[in-house]
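Let's take a friendly walk through a protein model.

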Amino acid sequence: MSLPEYFPIWSKLTAEQQQRIVDVADLQQVKAGTIIHDGSPDCLGLLLVRSGQLRAYLLSEEGREITICRFFEMDICLFSASCVMPNMQFDIFIEAEKDTEIWVIPACLYQNLMDESIALSNYSHDLITSHFSDVMWLMEQVMWKSFDKRLAAFLLEESNLEGDALLRITHEKIANHMGTAREVVTRMLRYFQNEGLVRLTRGTVEIIDEKGLRDL
């Protein structure tokens, strides 16, 4: 599939605007684990996911990570284009969680197109609002939801994404997603194991009682 098929409002742009995007859009292949955006104020541009999986996360001064949201096929990420999101001042990192193909559309062009196209401007503001809602939802989860419930929800989400009850994920990686220490994750997973909800082996967490996790 080509770029126009992945761009949600392509048909609402003029032929000249479409051509400008095609001329500069850079299709990149990035390996799992690659840091695409390092939290700097540099305006990389808009990221359009052709395949794979990205995650956006915050990094504390102590080096602790917490995942804000993830991006999948046909998703658009504006966290890497801070210059078109002037009211969202976060030092956000973006990592490829899997081998990923992305189109990078330079921020300067995207900003110009937003100034020219009401349809693109409205769409972009909806995206920014969605990104901000993700951040607010995360804050609510961290502040008001107990860790056992958050961890149960995370495991179920991972199982749904991977299509498998056997999750090949380390305690450290889970901690990075959830913004906590590895030891906290390990203690809670051991509790889940004692309750018959999961089975733990080195580098894996297997869900053995999905209903129990959902009830939690």
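Two parts are in contact when they have heavy atoms within 4.5 Å of each other. Keep in mind that this is a predicted model.

Start with helix 3, residues 107-116, where Ala 107, Leu 109, Tyr 110, Leu 113 and Met 114 are buried. These residues lie on the same side of helix 3, because they cover an arc of only 160 degrees around the axis. On the face turned away from that buried side you will find the exposed residues Cys 108 and Asp 115. What do the buried residues of helix 3 pack against? Their partners are helix 2 (15-24), strand 3 (46-51), strand 8 (100-105) and helix 4 (118-144).

Now look at helix 5 (residues 147-162) and helix 7 (residues 182-194), whose axes come within 11 Å and cross at roughly 80 degrees. The two helices are therefore roughly perpendicular to each other.

On the helix 5 side, the residues that meet helix 7 are Phe 147, Asp 148, Leu 151, Ala 152 and Leu 155. Helix 7 brings Val 184, Val 185, Met 188, Leu 189 and Phe 192. The residues of this contact comprise nine nonpolar, no polar and one charged.

Finally, find the open sheet with the strand order 9-11-10 and antiparallel pairing. Strand 9 (166-167) and strand 10 (198-201) each have a single partner strand, so one side of each has no neighbour in the sheet.

Strand 9 pairs with strand 11 (residues 204-207) over two bridges, and Leu 166 stands opposite Glu 206 in strand 11. Helix 7 returns here: it lies across strand 10 and strand 11, at about 125 degrees to strand 10.

Notes
Residues are numbered from 1 along each chain as its sequence is written. This is a predicted model: local features need pLDDT of at least 70, side-chain atom pairs count only at pLDDT 80 or more; totals for chains, interfaces and linings use all residues. Side-chain values use heavy atoms; hydrogens and water are left out. Axes are lines fitted to C-alpha atoms, for helices over the stretch in contact, and angles run from 0 to 180 degrees between N-to-C directions. Helices (H or I, at least four residues) and strands (E, at least two) are DSSP runs, numbered from the N terminus. Angles under 35 degrees count as roughly parallel, over 145 as roughly antiparallel, 65 to 115 as roughly perpendicular and the rest as oblique. Ala, Val, Leu, Ile, Met, Phe, Trp, Tyr, Cys and Pro count as nonpolar, Asp, Glu, Lys and Arg as charged, and the others, Gly among them, as polar. Buried means under 20% relative accessible area, exposed over 50%, partly exposed in between (1.4 Å probe, protein chains only). The arc is that of the directions from the helix axis to the C-beta atoms. Two strands pair if DSSP finds at least two bridges between them.
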